[in-house]
Each structure stands twice: as C-alpha cells, then as structure tokens.
Amino acid sequence: RNSSDSAYCDRKLAVAFAGITSTATRLGLSPARAEEALRMAKSATDGQLATPGSAFLPALAAACTLLVARSHHLPLSLAEAAEAAFCSAPALGDLVSRVAAQLSLPPLPCFDYAAALNRAVQLSPSLNAAAAHKTDAILAQARFLFRCASKWSLTTGRFPLPLVAALLALSAEVNGVTSLSLEDIARDISAGLRTSLRRYKELVDALVHVARHLLPWGADVNAKNLLLNAPVLLRLMEMRSQSDPSEEFL
C-alpha cells in the first residue's frame, strides 16, 4: 500500500474503533469492558471491522458489547442493544450468534434479572421522579415477585425487559405509587409495551390465583380488586416463603 492508502485505512480504523468504544460505553460498559468489546470486534472481523457510516458497524459494536456484558453478568438486554444499533432484536440476535460461533465463545450465562431490576430503577427517570422515597421498597417487592414469577415459569423463554417493567410497575402500585404507569417504565428501559402489558397481566392472573388459595376471602379476589388485597397477600406469601423456601403458592 502507498502512504495515502495506509493513512486512509488508519483513519477508517480509528473512526471504527471510536464508534465501537462509544457504543459500548453508552450501553453501560466500563472502559476496560469497552476495550474488551473492541478486541472482540477486531477478532471477529480479522481486524477489518467495517466502514464507518455503514449499518454493520453499530450492529457489530452492539453485538460485541452484548456478548461482553452477558459474559460478565451485566444486565444488558438484546432489545436495549438493538435499539442502540438501530436494528431489530432478531437481526442483532442473529449477529450475536454468528460472532459467538466465529470466535468459539462458551455459552452465555442466563440473564441476571436481579441486576436488571437494580439497573432499571437507576435508569428510569419516571420511577425516580414519582417515587424517589420508595425506590428501596419497590425494588425489594419486585425482587420477591421475580422469585415467585420464576417458580411459576413466567421467565422461561421470554425477552426479559417486559417482565422487568411489569414487576416494577406492579410493585410501585402495591406501594401506593399511582402516578407511575407501566408505559412510563417500559419507555424508560426500552421494553416493548405490548409485551410488557402481557407480562403484567400474567403476574396479576397468577397472584389472583394465589389469593384464592391463601386468603380466607380469596373467592372474592379478582384482577380488578387485586391491588386492594395485594399488601396482605404479598406479606403472607413472604412469611410462607421464609418458613418454606420451596413454597410455590400454586
């Protein structure tokens, strides 16, 4: 290569490096983890990366960021990474699989819902504006509801963020925060609203079923009056789970 070609390639790679590092940092990786994502992108493309300005570069950056984040148990979701890459979640998922196969990466750890709940509370301006003094109580309630949801198989084979949104919205309502909507939380954490609404309904339906078995007046509990009964119901469920951790309530 002559000097002008070499300089052009160097500039192109420098811009690509900066783009990948910027995406990784924006998605919550530390500088050290962002550097790891950059190394992964270089390895996956034999150092060629992609032309700055192409649609492939942000997708590659998001795919490598997701792989690094999940390998370190950081709660980055496919939907959130896809939004940063301006592509669909299925398309990014396919690229993630291709990069992992290309580099012979080990299977990724399961999505860390506990860490995702913590991160969602930190990142949701709507939640912090509506319930700044109750975030600890809401988070504790959401963690307990998640443990229940996992026993009820509501976490299996699902996109995780809609369930995170539903858990936080229901927990906020149980704690008397009425000015916060599920739509607010779903928007803040990049969870699909339609799927979040389905996850919320599944949680409500499961809790109604539990109430009918645990509460003396359970036959009268339904989806419309669940919130009136939820504080007593959840307290009873927590007491039962403390005495018997294997309790599933159903």
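In this predicted model, helices α4 and α5 are roughly perpendicular to each other, because their axes cross at roughly 100 degrees and angles of 65 to 115 degrees count as roughly perpendicular. The chain to which they belong has 12 helices and zero strands, and its C-alpha trace spans about 85 × 35 × 30 Å along the principal axes.

**Packing of α4 and α5**

- The axes of α4 and of helix α5, which covers residues 89–102, come within 9 Å of each other.
- On the α4 side the residues that meet the partner helix are Leu78, Ala81 and Ala82, and on the α5 side they are Ala89, Leu92 and Gly93.
- Sorted by class, this contact of α4 with α5 consists of five nonpolar residues and one polar residue, with no charged residues.

**Packing of α8 and α9**

- Helix α8, formed by residues 135–151, and helix α9 have axes that come within 8 Å and cross at roughly 125 degrees.
- The crossing of α8 and α9 is right-handed, and the residues that make the contact are Ile138, Gln141, Ala142, Leu145 and Phe146 from α8 together with Leu167, Leu168, Leu170, Ser171, Ala172 and Val174 from α9.
- The contact of α8 with α9 comprises nine nonpolar and two polar residues, and no charged residues are found in it.

**The largest pocket**

- The largest pocket holds about 260 Å³ of space, and its lining is made up of 15 residues.
- Of these lining residues, Glu80, Arg119, Leu123, Ile189 and Ser190 lie nearest the centre of the pocket.
- At least two residues of the lining come from each of α4 (78–85), α6 (113–123) and α9 (160–174), and α6 gives the most, with four residues.
- By class, the lining of the largest pocket divides into nine nonpolar, one polar and five charged residues, whereas the contact of α4 with α5 and the contact of α8 with α9 have no charged residues.

Methods: Residues are numbered from 1 along each chain as its sequence is written. This is a predicted model: local features need pLDDT of at least 70, side-chain atom pairs count only at pLDDT 80 or more; totals for chains, interfaces and linings use all residues. Side-chain values use heavy atoms; hydrogens and water are left out. On a 1 Å grid over the protein atoms alone, a cavity is a set of points where a 1.4 Å probe fits but cannot get out, and a pocket is an open set with protein on both sides within 12 Å along at least five of seven lines; lining residues have an atom within 4 Å of a point. Grid points are joined across faces, edges and corners, and a volume is the space filled by probe spheres set on the points. Ala, Val, Leu, Ile, Met, Phe, Trp, Tyr, Cys and Pro count as nonpolar, Asp, Glu, Lys and Arg as charged, and the others, Gly among them, as polar. Axes are lines fitted to C-alpha atoms, for helices over the stretch in contact, and angles run from 0 to 180 degrees between N-to-C directions. A crossing is left-handed if the near helix is turned anticlockwise from the far one by less than a right angle, and right-handed if clockwise. Contact means heavy atoms within 4.5 Å. Angles under 35 degrees count as roughly parallel, over 145 as roughly antiparallel, 65 to 115 as roughly perpendicular and the rest as oblique.
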